[in-house]
Amino acid sequence: MAGLLRKPAGVSGHVHALSPEAAGWSHVGFDLWRLAPGEAAHGLLAGREAILVLVEGKARVTAAGTDFGEMGERLDVFEKTPPHCLYIPPGSDWQVSATTACVVALCTAPSPGGRSAARLGPEGIALEDRGQGTNLRHINNIAMEGRDVADSLLVTEVFTPAGHWSSYPPHRHDEDDFPRITYLEETYYHRLNPRDGFGVQRVFTEDGSLDETMAVSDHDLVLVPKGHHPCAAPHGVEMYYLNVMAGPRRNWRFQTHPAFAHMM
């Protein structure tokens with residue numbers, strides 16, 4: 001597998017294009033566009049479902065033959081309001097036409113089909129707290145296990161306050177042994193406030209066969225093929241990430257690193 005830290009391909013247009021083949025795994029795909037007003041992105045899903053997330057800005061969206069009108073509300077992701085999102089079934093075409101400057105994420109995974117295109121937010125999404133102390137972070141649950149809105153995809157937004165840890169205590173989901181643990185590939189799309197700050201993410205296995213510590217910048221993408229994957233926001237830098245997970249089954253079961261099990 002190539003490096004786990006993927007930099008955006010420029011500051012506009014199709015800046016992330018991660019297929020399972022490019023990632024070196026089997027399930028998760030992630031694409032991201034940064035569009036100016038009047039610009040558009042489009043595609044056709046073949047054998048894969050998608051959850052489209054308006055990370056920032058507004059756009060007119062059509063998918064699976066349906067015009068969903070203008071979607072999007074927050075102009076800056078750090079407003080922390082619930083995102084406008086759309087489920088798109090396999091075999092569907094889709095198009096996004098920006099009405100303001102916008103950032104659009106397309107999260108994909110294999111699917112047998114059978115669902116209809118449907119809005120997933122902002123209705124039904126409310127900011128929730130997770131953790132305590134300097135492990136406190138805030139979650140927008142877009143499509144986790146408790147919402148039966150997809151066949152494979154698990155998608156969530158996380159806001160980590162400055163000086164706090166996130167995806168912590170360290171945990172892994174890299175074995176297919178339900179209900180003890182599930183195998184889920186995962187991507188992190190990072191945003192930072194201020195934008196010229198940095199965050200830190202470590203991806204490591206207990207046997208040391210994988211151990212990468214990365215300084216992440218605004219709009220970076222991190223791949224988690226296996227192992228533990230905590231991240232941290234330095235003092236004075238607020239961190240956002242959009243998580244995408246998928247694997248053989250749509251369940252999130254993890255194992256905490258033994259050294260941190262007492263914290264659970």
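The following questions and answers concern a predicted model.

Reader: In the open sheet of four strands, which strands stand at the edges, each with a single partner strand?

Author: The strand order of this open sheet is S4-S9-S6-S7, and the pairing is antiparallel. A strand at the edge has a single partner, so one side of it is left without a neighbour in the sheet. The strands in this position are S4 (40-44) and S7 (66-71).

Reader: Which residue in S7 is the bridge partner of Thr62?

Author: Strand S6, comprising residues 59-63, pairs with S7 in the antiparallel sense. Four bridges join S6 and S7. In S7, the bridge partner of Thr62 is Asp67.

Reader: Which strand gives the most residues to the lining of the largest pocket?

Author: The largest pocket holds about 290 Å³ of space. Of its 24 lining residues, the closest to the centre are Arg130, Arg137, Ser167, His171 and Trp252. Strands S13 (137-143), S14 (154-160), S19 (185-193) and S24 each supply at least two residues of the lining. The strand that gives the most, with three residues, is S24.

How values were computed:
Residues numbered from 1 in each chain as written. Predicted model: local features only at pLDDT ≥ 70, side-chain atom pairs only at ≥ 80, totals over all residues. Heavy atoms only, no water. Pairing = 2+ DSSP bridges. 1 Å grid on protein atoms, 1.4 Å probe; cavity = no way out; pocket = protein on both sides within 12 Å on 5 of 7 lines; lining within 4 Å. Points joined across faces, edges and corners; volume = space filled by probe spheres on them.
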